[in-house]
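Let's take a walk through this one together. Keep the sequence and the 3D view side by side as you read.

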Amino acid sequence: MRLYKRTLLIFVLLLNYCATALSQDNIIGTIKDSTGSPVQYATITLCSDSIGTKGILSYCISNSSGAFQLKKKDSDVCWLIIKCLGFETYRIKYSDTSEQVFDITLKDSSKTISEVTIKGRYTGVKNYVDSIVFDIEHFKTGAEETVGDVLRRLPGIEVDNAAGKVSYSGRNLDKILIDGQDVAATGSNMVINNLPASVMLGAEIIKNYKEGSIVDQFKGNDKTALNIKTNSKTKLSGTISAGGGFMDKFEIKPSLFAVKESFSFSSLSSLNNTGKPMFSIEDYLGNFANIEDMLAEGGGMTRLSDEENKLLTPPENVYKNKSFASAFNMIFTPSSRIKIKGNIVLNKSIMQSGFHNYDEYYESGLLANNKLESLANDKYESFSLRARWRPCDMIEVNSSTLLGFSNYSTKEKLEQTTEKLLEVSQCDIMRKYFLKQSLALNMGKNKNMLFVFADMSLSNRNNPTDIKSDSIILPIDYDLTNNMYQYNANLKKKYSKFTFEIGNSYKFRSIILKNSIRCIYAKDVLRYNNNSSSETNTNSDYTCWDLITRISKKDGLMRFSLGGILSYMKYDANIDKFPKDNLKCIFSPEGNIRIVFSPKHEMGISASYVYTPKDIRYMVDYSMVSGYDKINGNSSIRNPYVNRFNVSFNYRLFNMYNNLLLFIVGSYSKDNNSVLQNVNQEGIASNINYSDGGKQQNMYMKVAVSKGINVIPLDLKLNISLSKQIGNSMINFDAFDIINKSLSTNAIIATRFKFFLNAEMSGKYNRYSTITYKNSTNDMTEYSLQTKLLYAYKQLKGNIYICYNHGTNKYGLHKNTDIGFSTSYNVKKISIKLSGENILHLHNYEWINTMTSNVFTSTSIFRKVPGNLLFSIAYKL
């Protein structure tokens, strides 16, 4: 009997050991639907990345009971991807430390057949439930030079070089990936303008992109990412190109990418004096900590100061621009539980600008003839480090650190002729240091998650101004030196903000409920001094307690996120006649609803109502000089809050049968009790006083249509944008409205013959209209036509274009013709290129524009950066 028991015990132990060994060498599990029934014939794949671009490590199919067994491969981190007809794709990151047994429930998709292919009507686009895959060979002509050139030809994708934005269906993309990896975290502009088109193998829009975080399943809003697939078969790739030419023009662009399982690195740099945009607003914002990645629900909005806008959006009248930008990105994953991301950004430019303006002042009818020359130096440096640590499956810690420095300085010389000749020189400097540190703790188990978030933001800005003129313009105390009236001033601003939030997210099937409590404390310190007075200090303290609740649903026919914020706000400032203890208790509702008829057809609407504090610079009780002809007087603002109502909608339709893509976006916003300006005008001098009662309305609508014709083959794109802004102002206590209206259209017709020659024709029409003081109007009309021939034959490719520009306003007509070309020849890894832009204006390039303020209307004749002829050589690693 004892021998029997011992034999049975040994047998059980051996059986348990074999099962354990089997589970360690295999990934096993069961797949069910939402009702608990087993899912048969589901495809289970084990891949190196989340979208399967690097090949399949292992795969199997579920049996009749929904069970599967997958052989595990030696890989630190990989992805388990499960697909089945009628269900949404399931993805989960897997590592050696993960569980070996899975119990998976698939979600029903809103469409039974997620991909439709109609024979004889191949569109080059495959539309899945959670992704859109583009066959770029269907749209390419072979003459494209950069990744951006390829993206512009894809239906629904728009590339804005100036803003550095890449959008799909009218909405900006949240991420740009390279082979499924986030190695281009800096921003989109440097990626699309520095990567050559030859490395691009495919493109994919990922609708429900996930970072692999605990909070992914609790987010009410999905992220959209663009994955650029490359043909790199090595771990290290990159290019370096350098060129020079006529009038000492040059351009240097090196790039380097290293993608490995545990370490990825990218380096993008550009140096030129051709005026090409390199570092955009989108790139700048890409370096801020993504707070929405750290919380279960993001809702923050980043605002740029006036100085930051000047740094990132150079004026149109720049005729010399030497710029350098460099970005280094790194992702290090030492284990499946630790991920570190860091980047360094360097940007510097030297710009010369000038204009010849004709100004007409509303109140006095005074006419001024201005000639201005300006030299600007700007610099921006930042370092960011983000880390994610998962000590166990239920706990996740996120940290984000951002350090930055920016410097913007201008030196201006102005000659102004009114009743007499006036000479002015002005020097402005803006130096800003900032630090941002964020910490988040997320603890999730099953369908519950507790999160704690803390954030600290510190900034210090110094803005000295030096003004010299040969006449007294403003009613201030000048110093007389060498027959010149001199005025010096310095504005310093320190800002600190602390945020703490704690809350809970609960998921019941497809419904997510979030509740949290948040506390915000912000302190502003403004210091101002000039050559005739001591330093004046103004302080403000803002405290806000928020009770936040939100319910959301992100799958099925109707998807929504509804909620609101109950806020108790307090604002104090050491300003005379300013009410003490400004208390306010308000409820700010917000929400959005989307109706997803299918992966190719959806519509949505969103609305919000929020309160925000006004900038302390508009509330000070002393005068500050802000320009040679402008002084900001005492403020009479007593209500420190602005309330804004905003509503927007969108509609998207992709008809694969007709190869038609249509999307419509629109928005309306209204600000109440914003800052109202009252300008006391005397000659060219303006004394601006601020008060409550400002109103601002903004209306915007955009319609975009993309149509592919396979018979020819031909692609048509049409974009129409309408906007209208209405704001109120005062001149000498006489109230009036400023109304700005604009119409912008852009049409493109492009062929895609599988032939060595293709053509592209485009046209733009823009009309701007402004109505201001005493119904004074100012209109501007611009249109341009461009024809481009693209050729690609074996190793030779290039393009030739001719463009006609035409601009008119009530003061005159301006027009010019541009001609440009580009031709390159590839010899293995070396490419030789000869290019020219605007070659009819290599020495000088003039244009005309109009500008309207609440004081005067102006017509400007200015110079742009002239054309160039370049010879360059590129080498591909």
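The protein chain has 7 helices and 46 strands; both are DSSP runs numbered from the N terminus, with helices (H or I) needing at least four residues and strands (E) at least two. Before going further, bear in mind that this is a predicted model, where local features need pLDDT of at least 70, side-chain atom pairs count only at pLDDT 80 or more, and totals for chains, interfaces and linings use all residues. Residues are numbered from 1 along each chain as its sequence is written, and side-chain values use heavy atoms, with hydrogens and water left out.

How confident is the predictor? Its confidence in each residue is the pLDDT, which runs from 0 to 100. The mean over the protein chain is 82, and 85% of the residues reach 70 or more. Over residues 7-24, though, the pLDDT is below 50, and this stretch has 4 contacts in the model beyond near neighbours in sequence (a contact means heavy atoms within 4.5 Å). Residues 287-302 also stay under 50, and here the model has 54 contacts beyond four places in sequence. Where pLDDT is low, the predicted coordinates should not be read in detail.

Now for the chain as a whole. Of its 877 residues, 48% count as buried, which is to say under 20% relative accessible area, while exposed is over 50% and partly exposed lies in between (1.4 Å probe, protein chains only). Among contacts between residues at least 6 apart in sequence, 64% join residues at least 24 apart.

Next, look at an open sheet of 3 strands, in the order β4-β1-β7 and with mixed pairing. Two strands pair if DSSP finds at least two bridges between them. At the edges are β4 (67-71) and β7 (101-105), each pairing on one side only. From one strand to the next, the twist averages 25°; the axes behind such angles are lines fitted to C-alpha atoms, for helices over the stretch in contact, and angles run from 0 to 180 degrees between N-to-C directions. Strand β1 (residues 26-32) runs parallel to β7, joined to it by 5 bridges, and T30 stands opposite D103 in β7.

Another open sheet has 5 strands in the order β8-β9-β14-β15-β13, again with mixed pairing. Its edges are β8 (125-127) and β13 (175-178); each has a single partner strand, so one side of each is left without a neighbour in the sheet. Direction ignored, neighbouring strands here are turned by 15° against each other on average. Inside the order, β14 (residues 200-209) and β15 (residues 223-230) run antiparallel and are joined by 7 bridges. I205 is one place to look: it stands opposite L226 in β15.

Zoom in on S399, which lies in strand β22 (residues 395-417). With a relative accessible area of 24%, S399 is partly exposed. S399 and L439 are 40 residues apart in sequence, yet 4.6 Å apart in space, C-alpha to C-alpha. The side chain of S399 also makes a polar contact with the side chain of Q437, at 3.3 Å. A polar contact is a pair of N or O atoms within 3.5 Å; within protein, one must be able to donate a hydrogen and the other to accept it, and residues adjacent in sequence count only if both atoms are side-chain atoms.

What about disulfides? A search of the whole structure finds 0, taking a disulfide as a pair of cysteine sulfur atoms within 2.5 Å. For C519, the nearest cysteine sulfur is that of C544, 8.0 Å away. C519 is buried, because its relative accessible area is 18%, whereas C392, at 25%, counts as partly exposed.

Technical notes
pLDDT = per-residue confidence, 0-100.
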